[in-house]
Amino acid sequence: SGLSKVADVTHAGNLEEARRCIENGNLDMLIVDWSLPDGDAAVLLDDINERLPNVTVLGLSSDGNRRRDSRVTVNLEKSRTELSTIAEYVSSRVANAS
């Protein structure tokens, strides 16, 4: 909800919902919370890369030691990143995509 002023946001609360969003396409950016109730969202990276090869992936994690992955544009640690910083990042990406 904190990003609704800078982008159209679609929420997925688990892996199944996220897969449906990816399959439907029409996304410019994905903000992925790696720890979903039904597993690690890293399993979605192959689907994202295949279906949405030009999408920006912003990862959020409570784990500051998250393994780097070349398919992820940037990883941010939740406890160290203000919502305003995320909103600025999203806003700048949306502006560049237009």
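This is a predicted model: local features need pLDDT of at least 70, side-chain atom pairs count only at pLDDT 80 or more; totals for chains, interfaces and linings use all residues.

Me: Fine. How much space lies in the largest pocket?
Reply: About 1000 Å³.

Me: And which residues lie nearest its centre?
Reply: Val 9, Thr 10, Met 29, Leu 30 and Ile 31, out of a lining of 30 residues.

Me: Which element gives the largest share of that lining?
Reply: Strand β1, with five residues. The elements that each supply at least two lining residues are α1 (15–24), β1 (29–33), β2 (35–36) and α3 (83–97).

Me: How do the lining residues divide into nonpolar, polar and charged?
Reply: 20 are nonpolar, seven are polar and three are charged.

Me: Let's stay with Ile 31. Where does it lie?
Reply: Ile 31 is in strand β1. Its relative accessibility is 33%, so it counts as partly exposed.

Me: What does Ile 31 touch, leaving out residues up to four places away in sequence?
Reply: Leu 3, Leu 58, Leu 60, Ile 86 and Val 90.

Me: Leu 58 is on that list. Is Leu 58 buried or exposed?
Reply: Buried, because its relative accessibility is 0%. Leu 58 sits in strand β4. Beyond four places in sequence, Leu 58 touches Leu 30, Ile 31, Val 32, Val 74, Leu 76 and Tyr 89.

Me: OK, switching to α1. Which of its residues are buried?
Reply: Leu 15, Ala 18, Cys 21 and Ile 22. Looking down the axis of α1, these buried residues fall within an arc of 120°, so they line one face of the helix.

Me: What do those buried residues pack against?
Reply: They pack against β1, β2, β3 (39–40) and α2 (45–51).

Me: And which exposed residues are on the face turned away from the buried side?
Reply: Glu 16, Glu 23 and Asn 24.

Me: What's going on at the start of α1?
Reply: Asn 14 has a side-chain oxygen that comes to within 3.1 Å of the backbone nitrogen of Glu 16.

Me: And what follows α1?
Reply: Gly 25, which has a positive phi, near 65°. Asn 26 also has a positive phi, near 55°, and that is in a residue other than glycine.

Me: Where does Asn 26 lie, and is it buried or exposed?
Reply: Asn 26 is in the loop between α1 and β1. With a relative accessible area of 78%, Asn 26 is exposed.

Me: New topic: Arg 71. Where is that one?
Reply: In the loop between β4 (56–61) and β5 (74–77). Arg 71 counts as partly exposed because its relative accessibility is 29%, which falls between the 20% limit for buried and the 50% limit for exposed.

Me: Which side chains does the Arg 71 side chain make polar contacts with?
Reply: One is the side chain of Asp 46, at 2.5 Å. Another is the side chain of Asp 69, at 2.8 Å.

Me: What does Arg 71 touch once you skip residues up to four places away in sequence?
Reply: Leu 45, Asp 46, Asn 49 and Val 57.

Me: Last one, Ser 92. Where is its place?
Reply: In helix α3. Ser 92 is partly exposed, with a relative accessible area of 35%.

Me: What does its side chain reach?
Reply: The side chain of Ser 92 reaches the backbone oxygen of Tyr 89, at 2.8 Å.

Me: And how far are the C-alpha atoms of Ser 92 and Val 6 separated?
Reply: By 9.2 Å, although the two residues are 86 residues apart along the chain.

Note on methods. Residues are numbered from 1 along each chain as its sequence is written. Side-chain values use heavy atoms; hydrogens and water are left out. On a 1 Å grid over the protein atoms alone, a cavity is a set of points where a 1.4 Å probe fits but cannot get out, and a pocket is an open set with protein on both sides within 12 Å along at least five of seven lines; lining residues have an atom within 4 Å of a point. Grid points are joined across faces, edges and corners, and a volume is the space filled by probe spheres set on the points. Helices (H or I, at least four residues) and strands (E, at least two) are DSSP runs, numbered from the N terminus. Ala, Val, Leu, Ile, Met, Phe, Trp, Tyr, Cys and Pro count as nonpolar, Asp, Glu, Lys and Arg as charged, and the others, Gly among them, as polar. Buried means under 20% relative accessible area, exposed over 50%, partly exposed in between (1.4 Å probe, protein chains only). The arc is that of the directions from the helix axis to the C-beta atoms. Contact means heavy atoms within 4.5 Å. A polar contact is a pair of N or O atoms within 3.5 Å; within protein, one must be able to donate a hydrogen and the other to accept it, and residues adjacent in sequence count only if both atoms are side-chain atoms.
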